[in-house]
Every structure is written in C-alpha cells, then in structure tokens.
Amino acid sequence: MVRRGLVSVLSVLILVGMMAISFGRVAAQDATPAASEKPLKVAFVYVGPVGDLGWTWAHDQGRKELEAAFPNVTTVYQESVPENPADAERVIRQFAQDGADLIITTSFGYMDPTINVAKDFPDTKFIHISGYKTAPNVATAFGKIEEPRYVSGELAGLMTKSNQIGYVAAFPIPEVIRGINAFTLGVRKTNPEATVKVVWTNTWYDPQKERAAAEALLDGGADVITQHQDTAGPQQAAEDRGAYGIGYNADMSELAPNAFLTAPIWHWGVYYKQAVQDILDGTWKSTQYWGGWKDGIVDLAPLASFIPEDIRKQIEDEEARFKSGEKDEFTIFSGPLKDQSGEVRVPEGQTMTGDEILGMNWFVEGVQGDIPS
Amino acid sequence: MASVPLLRGYRIERVPAPSRLATALVSLLSLLLALVFGGIVLALAGENPLTVYQTMLRGALGDWNGVAETLVKTTPLLLAGLGVAVAFRMQLWNIGAEGQLYLGAIFATGTALFLIPTAPGWVMVPAMIVAALIGGGLWGFIPGALRAWFGASEIITSLMLNYVAILFSEYLVHGPWRDPQAYGFPGTPTLPDAAWLARWGTTRVHLGLLFGLIAAVTLWVMFRRTRWGYEIGVMGENPRAAHYAGMPTKRTIILVMVLSGALAGLAGMSEVAGIGHQLQRNLSPGYGYTAIIVAWLARLHPFGAVLVAFLLAVLTVGGDQLQMSLGLPAAIAPMLQGTILFFLLGGDLLTRYRLTRVLGVG
Amino acid sequence: MRGITKRFGPVVANDHVDFEAAWGEVHALVGENGAGKSTLMSILAGLYRPDSGTIEIDGTPVRFRSPRDAIEHGIGMVYQHFMLVEPFTVAENVVLGERRSTVDLGLPRVERELAELSERYGLGVDPKAHIWQLSVGEQQRVEILRLLYLGARILVFDEPTAVLTPQEATSLIRTLRGLAAQGFSVIFISHKLDEVMEVADCISILRRGQIVATTAPNETDRRTLARLMVGRELAALVEHPAVEPRDEREPGETVLALRGVGAIGEKGLPALRDVDLAVRAGETLGIAGVAGNGQSELAEVVTGLRRVTNGTVTIAGRDMTNRPAAEVARAGVAHIPEDRLATGLIGGMDLSANAILREYGRPPLSSGPFLAGQQVNTFTDRLISDHDVKAPGRWAKLRTLSGGNQQKLLLGRELAGSPRLIVAVHPTRGVDIGATEAIHEELRRQRASGAATLLISEDLDELLALSDRIAVLFDGRVMGVLPARGADPEQIGLLMAGVAADAASQTETRSAADG
C-alpha cells in the first residue's frame, strides 16, 4: 500500500520542477517594457460560451464595441465560469490580481463572489449585471428588456391564430417572471383572447432541453413560441413545425428564417462604453444602472420581412413610442393589473414602483403556469 | 492465463503483479506523454505549448493566491474523493457522492440557519459537521441498505438519489428556505458568522482542507491498521473469502456506504460553511462525479486521493489562466485536462495489463 | 509440432517441444500441473500462437490464427469445461459453431448428419436432445460429435476423465480406442497414470515445458512414469494407493455428528437429503462422489456457510446447527475450501492479509479495533517458514504464488490452531505432486494428533490413501459408508453412479468382464 507513495512523490517532483522552470520564464516575460501609457484593462466574466448567440454573445458584442471605441482599452474574458461560489470567486479574484481596472461579472450567480472580491481590491471597479448588492466599488447594471419584450408580445398577439403562445422560460426568478408578465401584457393588449403558456427548463443554456420544451408547447397547440433562454433551440423547433418564433438576445433569423419574427436584444456596448468613459474621466461612481429602450441598451431585432404590412406598421409605431420615451417600463406595469386569479393587484391609475417591478413574484392574468415555491 | 482477443494478432493479458518501479515509471511517462500530446494539439492550434503549460502552472501555483485557490478547489474533491474511495475499496460502486454532498450541505445549512442560529462557533461548527455527516450518511445508507437487504444495484440507486438530492436542494433555495431579502432570487440567507469556517490569512483556504487531510490520515490508519479496514479490504477483494471467514458482510456494506456518504456530505458542508456561506443553486459543479476520477486515479489510496485532488485542482485553476491571460478558447483547458486524465488512466491500464503480439499470423 | 516455444512473461511454458502423434493411435500427454501440457495443446488447437516453432500435418506446415483455423485443418479440442449452450439442442449447439449460412440453419440436415455420425462412432447422442437434459458424460460426447461434424481428424482431450464417474470414464476410454481404430489421431492430457497405462498407445511426458520421454505402456510402468514426471522417486502413494499403513488404535469420541441433515443448493433444489454422518477424533471420513452431488453443500453446512433446512449439526458435543461461520471456526473447525482462490484466499492481497484471515479478530493479532502490525508480521513469517511456502516475502501478492504454495499457506493457516475438526475439500486439486505429498503428510499428521477430518475429494486414490472410512454421496444422499481398507474402487464407483450397495456387488462381475 505504501509503494504508491513513490508515484506520488515522483509526480510532485515533476510538478515542482516544471514550476521552477515556469517561474524563470515568467520573470523574463515580465521584464519586457510595458506600453508607454498604462492602458485600461477591462475583464469580463461570462456564464456561457461567447458563441452561444445568446446572453454571453450579447455581452461579448459589447466587449468588442468597447475595444473598437477606445484604443487604449484592453479586454480579457473568461467563458463558461460556473456559478458556484468556489469557481466564480476564484476567477474574479484572479482577474483582480492580474491588474484589471474594471471587472464586469455578467450573471446573477456572481453577485456574492463579486462583492467578496471587491472588498479585498478597493481600487478595482466592478460592475455586476442583474444583481442587487452594491459596494463603493461595485456598481450594478441591468436593462429594461421588458420594454421590447412587451412590444414583441404585441406582435405575438397579432400573429397568433390559435391564440396560444408558448413561453420557454429558464428559472422562476424575478427577471424572468417580469419578462413573462411584460410579454403577456403586450399580447393581451393586441389580442385579449390569447393566453401565454409557460414551461420552466431550469437551465439557461441547453439547446436540447429548450427545444424539447418548445416542442411540448407546440404539441399543446401554441403557434408562436418565445423564450427567455440563451440558445436558438426553441426557434428551431418553431421553424420545424411551421410556427412563429420570437427569440431573445440576438437576431436568430438565419437559424430559423421562416419562423423568426424578431427578438428583444441587448446593446451592452452602450452601457459599457459609458462606464469606461466615466472611469477615464474620473467620474465613475457606484450606481444601480437600469437603462431602457430610450437609452439604447435594449432593442428589438429587425422585424421579419414576411410580417404583414399593417402589423409591421403597428409594431414600428409602438417601437418609436418606446424609443422616444413616450412609453416605458412603468407604462407597461400600470394599473389595472390583475393576477392569474383575477384579483386586482394594481388598481387603475396606479403604477408599480421600480422595486415592486424588480421583486415581482406573481403572474399577470393571461399567463398559464405556476411559479414554483 | 486469462486473455481476451482485442485486435487480430494481439491479446490483452493481465499482468499478475505490476512492480512498484513499473507503476511509478508508467505514471511519469503517461504524464509526459499527455503533455507532449497536448503540446502537439496546441502547436497545431498555433499556440506555443511551453507558454501554455507555464501559464497553467503559474496560475495554479505561481503565487500564494494561486496556491490558495488550488487548495480551495482541492478541498471538496478530496473529501468527496475519499468518500468514493472508501466505498470502491469494498467494490461498492457509490456513484452518489454528488447527492450525498448536497445532503450534507442541506443538513449543515439547516442546522446553522434554523436549528441553532445563535450558537457560538465552538458549538455551531461541530454541530454542522455532525449534521453533514448524518445527511450525507443518510444518503449513503439508503443505497447501502437496499443493496445489503434486497440486492439492489447501488450504482443505480445512488445515481438516482443524486437527482433527488439536487432537486430537493433546488426546492429549498427557491422555496421555503429562500432569503426573503433577495428580491425573489434563489438562495438561502447568509449563514450566521459563527457558522463560517476559519480561513487561512486573507486567502480562501478554509478549515475544510484540514478536515480532508484528517480524513485521509484517518482512513489510511483505518485501512492499514484496523480490523474493520482489513475486513473492508477482504470483502472488496473477495467477498466469498469474507463470507468464508465469517465477516458480517451486510452490516459492513451499509456502514461503508454510510461512511462514504458522510465524507461526501462533509464536502458539502465545507463548501457551504467555508466558501459560499449560504446554500444556493450550483453548489457543486459536479464534485461528486469528479470524485470518482479522484478515487480511481488514486487507486483508492487515501494519500493518493490527496495528490490526485490537488492535481485536478491544479489543472482546473491553471486552466482558467489559458483564457484569462492568453485569450485561448475556453475549451482548451478541459481538453488538456481530459488528455492528461486519459493518459494517466491509460497508463494505469498498461501497468496492469499488457498487449502481446501473438505469433503465427499467416 | 517442432521446436514449439511459448512464453508467458518470464515463464517458459513450452521450451522447444517436439511432439508427434500418428494416425490411428491414442497418444497420452502426461505431466505435473504447470508442466506445459495444456499450453502445448492450446497451441495445437489454435488458441495460442507459439513464440517459435512449427506445426506440420502430414508433412505440410500449417499456421493457425484461431481455433477455427485449426478446425479447418482437422484439429479439434475438447476442453474440461464444455462450450455448450444449455437451453439449446445438440444440433443447435453444433450449428452455433458453424456459421456457414446465416439465414437457413438447415437444422434437419444437421440433425440427420449428426445422427449418422453418432451411429457410426457409437456415441449414442440424440441430436434433438437439449444439453441440460444430458449428463456430463453425454455432454462430453456431444463435444466429440461436434468436432467430428466439423471435420476434425485429430482430437485433443484436456483431462477428459476428470469430470466423469468411473463408469463414464471407462465408456469414454472405449470411445477413444474406437476412434483411434477408425484412423483418427487421439491426443489426451492426463495425470492419472492408471488410465494412461490402460488407454494409450504412446505416452509423452512433459516436465517443466520440455518433453523428457516418449514411450509406450508395454515399455514402462507407473513408477517410471511418475519418476519421469516429477524427476524423482515418489512415496508409496502412487504405486500402492490402497495399502497405506493405518493407525490401528481406536478413534476417540465423536467430534462431528450430522443427523438427518437437509439443505438447499445454489439452484434452489435440495442438495442434501437426510444425511447422517459422524466423524470421531483421530478419524478421517472420506466423501466420494461425482461433482455436484452435494459435496460442496456438505462442507458448507458443516462450516456454517450454508443454512440447514432439516436436521442437526453437532460439533464437539455442541449444537452448531445454523450457527454463524465465525462461531463454527472458533469451535475449532478448520476449512480447506474446494476452490482456494475463490473462497479461502484473497488473490489481490498480500500474504499477511491472507495469513490472518482466521485469527485477525483475536489477540494477539489484534488489540481493540486495531491490528497488531508486529504480531501480524511474526505470525505470517512463522506460517511461511513452518509450512515451507515458497514466496518472495510476506508483502507478495498471494496471486503470484503457485497453486501448491497457495494451498500450503492456506493449510498452514487453517491448521494453525490445532483444530478438532478439519473439513478439507479437494485439498490437492490443481496442486503438483510434490505439494500433494506435503499436504497429504500434513493431513496424516493432524489425524495422528487426534483431529477429526472430513475429506471431500473426487480423487479416489486420495480418499483411499487418507481415509479410515469412505462415504459415497449421490444426489445429496449417503449411498453407503465403507471401510477404506480393502475397499473396491469399482464398488465405490457404482455407488457414485447411484447404484445401491446390494446392486453394486451383483454387477461386479459384469463390470470386471467389460474391463
């Protein structure tokens, strides 16, 4: 039994040997002269792969815009970082230690790790996407994606024949719940008869599972599918069944040319550029950014060419109202709002507050499905 | 001599007793071969393999923070790996370490948040440990008892219980245990300070690592020096001989599964109390499954598990650096990890079996 | 076969072996365990490939890549373990090995041809019978029939009589002679010298991988053959198995008593029925019987490894019916199990671990929950030296020892505590002659010092040499108990075949005439 110890000892020796070599090399590398002016280094921590054509892809578009806009900004990133505390915090900490000036952590699961690391690196700035905890050097940011979602719901309400719309949803968390509500309110605005059926997948990124969920909804009679997911699986399901699809995060028309109507999309670059500019100007502060369509951080992908002209006109007019700020998040969540049981939650003339919207944990009338708790 | 035909003209034969030197050399050679093979792939991808390897090592071991983070990653792999190794020693294929880890985490969290939320640390931490051992042990007891009493395959039952445990944990963090202050996001409230495991200086290395090392030494002593360890060894190597010698097989099956689960449960407690300080979704990125690799590569030896858990942690932590510093695609790191594991396991096979040319091919 | 060499790692199994067999003769290949007999024949049958050397048939060199190649060249082998599918019929089993057509098996044609072959060679096999309906001897004939059907003209048998009753063995020998008379070349591996002398035209002796002599029965005797096999003179056992001098003093009190014992076997059927047996101190009771007639279950019932459904087991005056094995062992029962590597030893563990299997739970080998390392080492070393176990050291894996040394270690362990009852099952199976002697000597010594012994063996010579009385088991019943001294092997054989004692004496004359 002891003899395996020999293997162990030898293996350790190799590792140590290699380490010694690497130290030598690394020291030599560090000696090379740095650029004349210290560039601003921005690090991104991604939850998925940059090629997901979804959430992470959208953030990576923002990163690329940042690099294009500021010649003196370098960016680094790490893909597919698990959201468990051990791994996420290690990656964030490593970026901080490697001298990143700004670290952007793009998933809710990174909230506590971000706060923890920020405590130890007070000179590094952090932006956490979608969370609620802040610190002097930690800002949070999110966008009112519900605005384009609402408009996409209006489109879905006009396009459906069966008056059943399927919603493939990731997790029963407030972000997803209020998206479902906004979409449904849009649907009911143009088509009071239609209902939205929700299926939870309990995953952000699983093409097969998302596709299967969409197929189940289509089997149940839905003829428009939308999603709060990071892959094009549901769109492809809609394409195969000759139904319509409303995507998320990216223009997925190439993947589902006959189904894809449009998609609520992100322009994170708008916010990232502004944050970096503030840092360069020395005016950056820890804020809780919540931008809307008017600010340009959220948008609707170009409408499919096969959408009938009258409907297109109606939707484009609505888009214009949001872009101008005539309508916004609060317009959507204005009374009267009834919940699934028909009980009035927000009376006529009243509007939900920002905190109420962010913490929303009930479905509006017209949604079929439960919030597990 | 037992032999199986594999390729025409070749046979795989079992080597009766691989020598220590052969074992050591083959392990070394496998590692080197893996590095060379990985290097060729990297070179084909246009990367300098030496730079890549340096970067990995620098990330994992190049500074104190790297070392510390590697040890943080080692901790759950070690504890769960030891748990798996205990069961595997007895040829009990406990695939349920993941679920046992979650149960340990759930029990420990429940103890800290609801059972004795105001207890001082010297009560709290031991209580959480006991709770985790009970939780994980319970999740090992179920497949163990089913196996001992009804002959149900522990592979299937322990695997299935993983899903039960993970989904139960999801239910808790989305439902009854959800932090009311968290805007509806999943996750329990933060544990009281007394439940936080002590950390080593400013690093994240926590007491869990010590638990792992103590467990490794204890298991080593148990296997080598105690009657019970001897019985487990005999039952694993030859159950009929154990029966012949009158050893209490059924009882031992259950106890070993409980011990196996308890160790994995301790891994869960240590992640919650040492790192996350709350029960949340994604507590484990598959530690319970990686633990199987740990146990196997360690040849079920407790000290081997320490080394292998550390090696896997080096690969993971070092692997981060490939994208962070070199901007390589994120898939490179797992590819290298897979290559190294593949070669190590392959080398292991080669020390126990050999391929012989059979003469007489026409 | 010329200059055949085959190595397994450092072990040279065959060292430049030249072997010739002629058409129309029965050629016996004899040698100790591990002499390389099976390896040589496996090379001939295409199972192994030689490292060097050639095989010629009628002067034409041939090379085999597989048993199929060998069969195509007319060479077929009957193994000790038959390669038959039990639920299938004889004809179906034959077709399995054929693979000429995948669509139409042509069973009626095959059945017809098999029936003809069976008729011509006097095998008496019904092609439509299911394998599970057949006795071991019949199954063996199915194997022969299959090889004949496939066109084999050189037939190789690996210890063919080991699994047969004496009657079946006699019948087989007749078949072999018949085949040789029809021009087939028959090669058979054996270590039973009587049988070899009776059946062979030609005898080749292998020792340590080399052919040391080729001779004929009329040119030699058993003693010479035995000397050639082991390279030295042997004790009286081989030459005069039944005249072992016996201790004449009266045995002591009853140590083991079975009364009306019944037990269920592995397959859920009664394996022991109403067994009454008693063994007294200083006495050896031999149990004879063809494999599978309840011997294994008898040993398990006595050692506490199998539950008794009826009756009682009394050991040294204490009721031990259905007591746990550990308690039985503590009462002074040693058990040399029938398959040492599968049951009594742990191949993957070192010698220490194997040595302490019985005693590990008691002082001085353990204290509290811990094993006493120093004591374990001393204990193991003593066992190794006392019983002349040839091993590199106590850390060596048991599997690396030869069968004989494994058995010596096991024997030493079991007999360490001066047992009152020894249950020995096939104690010398798979063990070479040298170790067999040592083991027999040890068992005699134990008997002399007052131990009661229950000796289960399929080797009649062994039973006759060691036992005071012999009980014959058939279908779980005791067919009869006879004094070993002056026992007639033929009569025991008939009892083993289920022929009751009175009938056995009647058939005696006819059997003798047949021989």
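The model is predicted, and within it chain C has 515 residues, of which 45% are buried. In terms of secondary structure, chain C comes to 19 helices and 22 strands.

**An open sheet in chain C**

- Four strands of chain C, taken in the order β12-β11-β14-β15, form an open sheet in which the pairing is antiparallel.
- The edges of this sheet are formed by β12 (270-280) and β15 (318-319) of chain C, each of which pairs on one side only.
- Strand β11 (residues 254-264) of chain C runs antiparallel to strand β14 (residues 310-315) of chain C, and five bridges join the two.
- Across from Leu258(C) stands Val313(C), a residue of β14(C).
- Packed on the sheet is helix α10 (residues 295-302) of chain C, which touches β11, β12 and β14 of chain C and whose direction makes about 60° with that of β12(C).

**The contact between chains C and B**

- Chain C brings 33 residues to the contact, while chain B brings 23 residues.
- On the side of chain C that touches chain B, at least two residues are supplied by each of α11 (325-330), α12 (340-344) and β18 (370-371) of chain C.
- The residues on that side of chain C comprise 19 that are nonpolar, seven that are polar and seven that are charged.

Key:
Residues are numbered from 1 along each chain as its sequence is written. Chains are lettered from A and ligands numbered from 1 in the order in which they are written. This is a predicted model: local features need pLDDT of at least 70, side-chain atom pairs count only at pLDDT 80 or more; totals for chains, interfaces and linings use all residues. Two residues are in contact if their C-beta atoms, placed from the backbone, lie within 7 Å. Ala, Val, Leu, Ile, Met, Phe, Trp, Tyr, Cys and Pro count as nonpolar, Asp, Glu, Lys and Arg as charged, and the others, Gly among them, as polar. A residue is buried if 20 or more other C-beta atoms lie within 10 Å of its own, exposed if 12 or fewer, and partly exposed in between; C-beta atoms are placed from the backbone. Two strands pair if DSSP finds at least two bridges between them. Axes are lines fitted to C-alpha atoms, for helices over the stretch in contact, and angles run from 0 to 180 degrees between N-to-C directions.
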